[in-house]
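Hello,

Here is the structure we spoke about handing over. Please find it below, followed by notes on what was found in it.

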Amino acid sequence: MNSKNENLKEQVLRASGVNVLKCMRCGKCSGTCPAYGEMEYHPHQFVYMIEKGDIEKLMNSPSIYRCLTCFACVDRCPRGVEPAKAVEAVRLMAVRKQDGNRLKPEQIPDMLDEDMPQQAIVTALRKYRK
Amino acid sequence: MKNFTYYPGCTLRTKAKELDRCARVCAEILGINLEEPADWQCCGGAYTTAKDEIATKLSAVRVLNSAKEAGNPLITVCSACHNVIKQTNYDISHDDEMCGKVNRYLGLSENYSGETIVYHYLEMLRDVIGFENLAKQVKKPLKGVKIAPYYGCLLLRPKKALAMDDPENPSIMENFIKAIGGTPVVYAQRNECCGAYTIFEDKNQAVERSAKIAESAREMGADMIITACPLCMYNLKKNSGCDIPVRYFTEVLAEALGVEEVGNEQ
Ligand code: SF4
Ligand code: SF4
């Protein structure tokens with residue numbers, strides 16, 4: 001692993017608190033993931049690719065905006081790996097980059113309808129921008 | 001009267017007024033005094049699990065601390081607020097580094113380190129009132145109504161922080177439904193996510209998710225779905241294509257307790 005990848009990996013591990021070495025690659029997290037069909041990389045792949053230092057591929061993948069943070073993979077992983085926390089750490093690294101915001105406030109008015117709860121907007125802002 | 005500090009959150013003040021109004025009216029009937037702090041802020045809707053995020057956790061810590069100062073447990077109704085506040089409270093009591101950073105930032109007169117006990121409104125009904133006592137106060141039981149409780153993701157997970165029920169085989173809403181005289185419907189998708197905020201990334205993701213949930217409830221014969229979450233309510237009503245009525249749990253509670261004019265709308 002080159003030093004740039006080493007550094008990115010270190011940042012993800014530190015921010016997420018996830019120990020990727022605990023993963024036994026059973027795939028249960030991906031098997032239960034309700035966003036499986038929408039994700040290019042699935043939760044077990046996040047864990048494995050972080051171990052390998054393949055962080056940029058993950059940062060550039062729309063998968064990081066498809067995870068629902070539903071914590072199903074967290075509670076159902078038999079090894080307590082908590083893959084959702086790894087996905088979140090990668091997503092934060094992507095949206096914290098200069099011009100890394102996925103959602104811009106000026107896009108929001110067109111996406112609203114009269115029933116849309118505030119909760120949806122504040123959550124999307126938290127997930128999709130910094 | 002038992003006192004609780006009450007955190008409504010942003011949506012209960014706007015699009016989910018009935019969720020809030022019914023919660024307050026029913027608390028009064030049940031002898032629970034809800035005290036709303038003057039200066040609460042929006043919880044942000046989602047808990048940021050990353051350890052290097054501090055600012056996004058502060059509004060939850062502020063309301064936890066105002067409950068501590070008032071000497072009350074804290075009560076929440078919205079699933080998302082409940083999730084954010086309980087995860088914040090869990091991490092602040094288990095992660096010394098985060099606790100230190102938060103306290104250095106807030107500069108409170110006394111450090112906050114997770115002292116407040118947090119209840120979801122349903123937990124208050126189960127653990128403070130007791131479902132048996134609740135059943136005794138019911139004036140208009142929902143006899144014969146088959147009700148599918150929708151937990152979604154945020155009410156129960158992650159289990160170690162929320163510590164509310166078994167996320168894989170929950171019973172709190174089923175027992176609530178029995179207490180108000182209805183018949184609970186157990187169905188496969190009761191604890192899977194509705195698609196949540198992905199409406200801002202690709203609406204189809206929420207359409208597919210919420211349709212699956214409604215279909216699963218329908219297959220098991222539900223007449224009605226109940227939820228505690230305004231975003232679940234939105235996705236089930238707007239995006240699932242489902243014609244089963246979706247109601248807030250506090251609305252059916254209010255009806256059962258004999259409250260007049262409980263709205264069907266958000
Ligand atoms: S469920 Fe846990 S142990 Fe299994 S692949 Fe996923 S992260 Fe690894
Ligand atoms: S938290 Fe994200 S990765 Fe994990 S199961 Fe839910 S949608 Fe999938």
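Salt bridges within the chains

D54(A) has a relative accessibility of 29%, so it counts as partly exposed. This is a predicted model, and the values in this message are computed from it. D54(A) pairs with K57(A) in a salt bridge, with 3.6 Å between the closest N and O atoms. K57(A) is also partly exposed, at a relative accessible area of 47%.

A second pair in chain A is E82(A) with K85(A), where the closest N and O atoms of the salt bridge are 3.0 Å apart. Here E82(A) and K85(A) are both buried.

In chain B, the side chains of D243(B) and R218(B) form a salt bridge at 3.0 Å, N to O. This one joins distant parts of the chain, 25 residues apart: D243(B) is in the loop between α10 (230-239) and β8 (246-248), and R218(B) is in helix α9 of chain B. D243(B) has 63% relative accessibility and therefore counts as exposed, while R218(B) is partly exposed at 33%.

Over all chains, the search of the whole structure finds 32 salt bridges.

Domains of chain A

The assignment divides chain A into domain 1 (3-97) and domain 2 (103-130). Their C-alpha centres lie 24 Å apart. Seven residues of domain 1 and four residues of domain 2 make the contact. The two domains of chain A bury about 500 Å² between them, and carbon and sulfur atoms give 56% of that area. On the domain 1 side, Y65(A), R91(A) and V95(A) supply 66% of the buried area, more than any other three residues.

How many salt bridges are there between domain 1 and domain 2 of chain A? The count is one. E88(A) and K127(A) form a salt bridge through their side chains, at 3.3 Å from N to O.

Domains of chain B

Chain B is assigned domain 1 (2-121) and domain 2 (139-256). The centres of these domains, taken over C-alpha atoms, are separated by 23 Å. The contact involves 18 residues of domain 1 and 17 residues of domain 2. About 1,700 Å² is buried between the two domains of chain B, 75% of it from carbon and sulfur atoms. In domain 1 of chain B, the residues that lose the most area to domain 2 are L19(B), S79(B) and Y90(B), together 29% of what that side buries. The salt bridge count between the domains of chain B is zero.

One residue to look at in chain B is L155(B), in the loop between β5 (146-149) and α7 (159-162). L155(B) has a relative accessible area of 0% and is buried. Leaving out residues up to four places away in sequence, L155(B) touches S79(B), H82(B), H120(B), L122(B), L162(B), M164(B) and M173(B).

The interface of chain A and chain B

Between the chains, 44 residues of chain A are in contact with 50 residues of chain B. The area buried between chain A and chain B is about 4,000 Å², with 54% of it on carbon and sulfur atoms. L68(A), Q119(A) and R126(A) supply 18% of the area that chain A buries against chain B, more than any other three residues.

Across this interface there are 10 salt bridges. D115(A) and K238(B) meet in a salt bridge at 2.9 Å, N to O. A network of salt bridges links R96(A), K130(A), D52(B) and E53(B).

Aromatic rings

Y128(A) and Y197(B) are both buried. Ring pairs join Y65(A), Y128(A) and Y197(B) into a cluster.

F4(B) and Y119(B) have ring centres 5.5 Å apart and planes at 85°, so they too are edge-to-face. F4(B) lies in strand β1 (residues 2-7) and Y119(B) in strand β4 (residues 118-120) of chain B, 115 residues apart. F4(B) and Y119(B) are buried. The charged end of K2(B) sits over the ring of F4(B), 5.6 Å from the ring centre.

Regards

Notes
Residues are numbered from 1 along each chain as its sequence is written. Chains are lettered from A and ligands numbered from 1 in the order in which they are written. This is a predicted model: local features need pLDDT of at least 70, side-chain atom pairs count only at pLDDT 80 or more; totals for chains, interfaces and linings use all residues. Side-chain values use heavy atoms; hydrogens and water are left out. Buried means under 20% relative accessible area, exposed over 50%, partly exposed in between (1.4 Å probe, protein chains only). Rings of Phe, Tyr and Trp (its six-membered ring) pair if their centres lie within 6.5 Å; planes under 30 degrees apart count as stacked, over 60 as edge-to-face and the rest as tilted. Helices (H or I, at least four residues) and strands (E, at least two) are DSSP runs, numbered from the N terminus. A charge sits over a ring if NZ of Lys or CZ of Arg is within 6 Å of the ring centre and within 35 degrees of the ring normal. Domain bounds come from an automatic or database domain assignment. Contact means heavy atoms within 4.5 Å. Buried area is the accessible area (1.4 Å probe) that two parts lose on being put together, summed over both. A salt bridge is a side-chain nitrogen of Lys or Arg within 4 Å of a carboxyl oxygen of Asp or Glu.
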